[in-house]
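Welcome! Keep the structure open beside you as you read, and look up each residue as it comes along.

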Amino acid sequence: SLDTQKVVDEYCRNHDTKFISADVNGVFCRIFNDFGDEFTVIDKDGEEIKELMIKDITNEEAGLVTLQEGFRHPFEDGDQVIIEKVVGMTKTNEDGTESSINGTVHKVVTVTPSSFRIGDTTGYSKFDHNGLARQIKTVLKLNFKSLSSIKWSDIPHDPNLLIADFEKMDHCTWSHYGYEIVDEVKKSGKDFTSQTWTNSSFEEFGDIFESKIKENLPEDQAKELLENKRFEKFTSKYCVVNSGTFNPLCAFIGGVVSQEAIKAITNKFVPIKQFMYYDAIEVVPDFRIDTKEHFEQDVKALGFMAAAEDRYSGLRSCIGSQLLAKVREASVFMIGAGAIGCELLKNYALLGVGSQADGSILVTDPDVIEVSNLNRQFLFREKHLRKPKSVTAAAAVIHINPDMKGRIVARLDKIHKATEETYSQYFYKSIVTNALDNIPARRYVDAQCVKARTPMIDSGTLGPKGHVQIVLPNKTESYSSTNDAEDNTEIPHCTLKMFPEEALHCVEWARDLFSQIFSQSAKSYNKIIEDELIFDPNDSEQRKIVKEALSLIEDRPTGFKSCIRWARFKFNQYYVNDIMQLLHAYPIDHKTKDGKPFWSLPKRAPDVLKYDSKNELHARFIAAAACLRATIFNLEIPFKAPRELDSIMKIAQQANEYNDEIPDFRPDKSKADEIKAEVDEEEKKKEAAEEGPAEEEQIEVEEDFDEIKEYVFMPLRKAYAEKKNEPEGLKVILTNPQEFEKDNDANFHIDFIYACANCRASNYTLDQMDWITTKIKAGRIIPALATTTSAIAGLQTLELVKIINDTKIEETRNINLNLAVPSLMASEPGPPQKIKLREGLEVTVWDTWSVKLSKKATLKDLIGKLKKYKLMAKDIFKDGHPIYLHALESVQSQKKDKTLEELLKLTEDQTEVEITVTFADPEDKEDHIIEGTPQVVIKFD
């Protein structure tokens, strides 16, 4: 009860303990936070600290900082930054000492997305070049009211969440009244449930509601509210369904509350201050309240008063028997059984989605369960490791709800172009729910749903953020229409290879290096021996394989010490020689063509590393590289625990034995020229134009390959043939290529990338990245919180129920959620975008063009029919296969006289067929293909 909550809250306040309460009453839910008189937030949003490169700082009383092109700041007025690495902007202090703007902290006043003002800079000399503005996380102090002190006249709604849905802004306050009044009703001993509703009980409840409104609100406000028809409808539904249980809201509120608890413990992210209300009133069927007879008739007919006591009783009390039957008879095609997928399947099981009549769920996911999945994919346990996600999740669903037995089918297929023949349009006749983790896959499924004119619900999470988007045929825009740009994660080659700007670039460089030296070359070596490759000097791929194989054959280790020696030489190559070669090409004092320093941000001048076996980072590189080298050659590692620091330092100490073998650096002019060509794209293009296509590095085949084949490859192939059936014997012939695996900490993969990347960061004086962050970045692990996953899956399931019920479009919602801030934006989906094909002709992605013909009609007849759109038909395809190509008209002209029955391979009972036709504007002399023309459906007489 509310009284109990108030007592507990007061106890918590007296004992410096945070208090959170959560309630779900039918389709209405609320959260209340009381974190005391003073609560400090140390990180408001959880975003990574930004380091922005400065282009210029003016000398003004409020100096204007302009960022380098491509940089945008995330600041709000009042945020703080520290200025670093500026060349120039010095001043002489009163005591005669020199100081610089570097290291000074300033409050920000934003101007544009790429500029902001800081403090007084008039005392400094002019800005020369370089400079970084590093964001400083500022603390936020909040104070909370106790639950018992809150009055109806001053309800502390969280301002961000109060306006979550502009169509339901009143609902937060009305829900507060509802919760308070239901609590009063329960205290009076009249705990009505939907199964006990009668005209008199409803009337009695209404009288209590009305009296409490009049008691707690000013007279004029109460009168206005009680005369409000929307309020009357809201309170009527609140009265009837508040004792039910609506699973999607339970999942949503559970995720949000769990995040609030974490905030209370960690002081990370902004807590809800203080009330949050949300409802799903749209799924409650309408009933009449104009007369007692109408009310009782409707409530009974809708099934709210159904006597059955079963697992669906709580749900039936919220949505009635009719909608419950629709939910249980629904067919859903679900793609993905990962984090969101598991939560969705749990929700579907609790709702009984597809559990009767012709209902079904088809779920597909090609992935198997990894250790890293277990912290948020709660249908899986340790015993399920390496088992298929979809099969395991389906079994868990049946365990949750036995009614799902025989109703859920699990597949292991990836949904993409290659499986299109298996997953034909038939599969897209159900409602499609996406639980995918990448944009290309979402776009592909979206295109299939548009083609099939099938509803789709997409969702995704990224840390505390999440979204739900619904796609309804002819009513909303498609997923791809919104032009959600993919994260631009591709790093320019020069940045990766020579000019890293942040630690992430070093991690990506190390990840590529790992693949080259521990995977690709080992695979090439095995391919040469196993496949008995017949060398073709004109095949660039085969030349590459031979080169990579030779690199291993020439320096095959004989024992672990050979691996340590190799690692020591690699350290020198990556962190000494390559750096010196770059500085030979571009010395520290090098100037650009316009006379500016070459080594200006974003380019950072590197420095060589001097190997130090006592430096833990250097030691970790040597140990990880040596152990991986031994692993690919199936050599024993003579340490019981090679990943322990003591073993690592011993391995690094042994590497000192080879210090004297390291040759002195000698500049290589050809490499310097290669570096310059890569940096200067214009010069590179000029050279390509003057010299013709660049030649690939080749083995001198005529002179060398016969000898290589006879003395290198053939003996290995002979040994392989002799030992083919002896696993132990093969270990000394073949290699063990290392496919990058992020989830096995003992395999040295992350250890190598961590040390390799941070040594490179040391070269360039970049901040280093800790081991766990390196694992996340190298493994491309999408930051995921179980809390966000639960909340988003709950909201996605709510939208599924609406679609099953054919809810009006204005009552469906796209969702954007951020549990960190916190914020929730629920908005009506946008209408489909209009595409203008020509003057007077507009279409949307959902449109099709229909023509009527007989099966005996010819292709020429079809092209003639299509002229009604005043466009010129060009190429014709069916299921991606060309039927007619305009460019080949001279050799395909006879096709125009063939029947559609023959060309399209029509069956006797086929009544229509969908084809793709490209069109051009007849007035366009260039014959450009018009983008966005609809599919063509031929309906047969």
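Helices here are DSSP runs of H or I with at least four residues, numbered from the N terminus. With that in hand, look at helix α17: Arg 620 and Glu 616 are four residues apart in it, so about one helical turn separates them. Their side chains meet in a salt bridge, at 3.0 Å from N to O. Please keep in mind that this is a predicted model.

**Domains**

- The domain assignment gives domain 1 (2–37 + 145–302), domain 2 (51–136), domain 3 (330–484 + 794–817), domain 4 (501–688 + 706–765) and domain 5 (834–940).
- The centres of domain 2 and domain 3, taken over C-alpha atoms, are separated by 49 Å.
- In the UniProt record, an unreviewed entry, residues 813–930 carry the annotation "domain: Ubiquitin-activating enzyme E1 C-terminal".
- That span, residues 813–930, is 13% helix and 36% strand, and its end C-alpha atoms lie 33 Å apart.

**Nonpolar cores**

- In soluble globular proteins, nonpolar side chains tend to be buried together.
- The largest nonpolar core in this model has 106 residues. Those with the most contacts inside it are Ile 213, Phe 246, Phe 252, Tyr 278, Leu 345 and Leu 824.
- Helix α25 (residues 786–804) provides the largest share of this core, nine residues.
- Leaving aside residues up to four places away in sequence, Ile 213 touches Trp 152, Tyr 177, Ile 181, Ala 222, Leu 225, Leu 226 and Phe 231.
- There is also a second, separate core of 68 residues, which includes Ile 491, Ile 517, Ala 585 and Phe 633.

- Helix α8 covers residues 292–302, and its residues Phe 295, Asp 298, Val 299 and Leu 302 are buried.
- Just after α8 comes Gly 303, with a positive phi of about 90°.

**Salt bridges**

- How many salt bridges does the structure hold? It holds 55.
- One of them joins the side chains of Glu 48 and Lys 777, at 3.0 Å from N to O.
- This pair links distant parts of the chain, 729 residues apart: Glu 48 is in the loop between β3 (39–41) and β4 (51–57), and Lys 777 is in helix α24 (residues 771–778).
- Glu 48 is exposed, with a relative accessible area of 52%, while Lys 777 is partly exposed at 25%.
- Arg 411 counts as partly exposed at 33% relative accessibility, and Asp 413 is partly exposed with a relative accessible area of 23%.
- Salt bridges can form a network too: here one links Glu 51, Glu 84, Arg 134, Arg 604 and Asp 767.

**Backbone details to look up**

- Most residues other than glycine have a negative phi, and most peptide bonds are trans.
- Asn 474 has a positive phi near 70°. Asn 474 lies in the loop between β22 (465–471) and α13 (493–497).
- Is Asn 474 buried or exposed? At 53% relative accessibility, Asn 474 counts as exposed.
- Lys 905 has a positive phi as well, near 55°. Its place is in the loop between α28 (900–903) and β30 (912–920), and Lys 905 is exposed with a relative accessible area of 67%.
- Lys 273 and Gln 274 are joined by a cis peptide bond, with omega about -10°. Gln 274 is found in the loop between α7 (247–266) and β16 (275–279).
- A cis peptide bond also runs from Leu 601 to Pro 602, with omega near 15°. Pro 602 is in the loop between α16 (560–585) and α17 (616–632).

Definitions and conventions
Residues numbered from 1 in each chain as written. Predicted model: local features only at pLDDT ≥ 70, side-chain atom pairs only at ≥ 80, totals over all residues. Heavy atoms only, no water. Buried < 20%, exposed > 50% of the residue type's maximum accessible area, 1.4 Å probe, protein only. Helix = DSSP H or I, 4+ residues; strand = E, 2+ residues; numbered from the N terminus. Core = buried A, V, L, I, M, F, W, Y, C linked by side-chain atoms within 4.5 Å. Contact = heavy atoms within 4.5 Å. Domains from an automatic or database assignment. UniProt positions renumbered as here; feature names shortened; annotations may be inferred. Salt bridge = Lys/Arg side-chain N within 4 Å of Asp/Glu carboxyl O.
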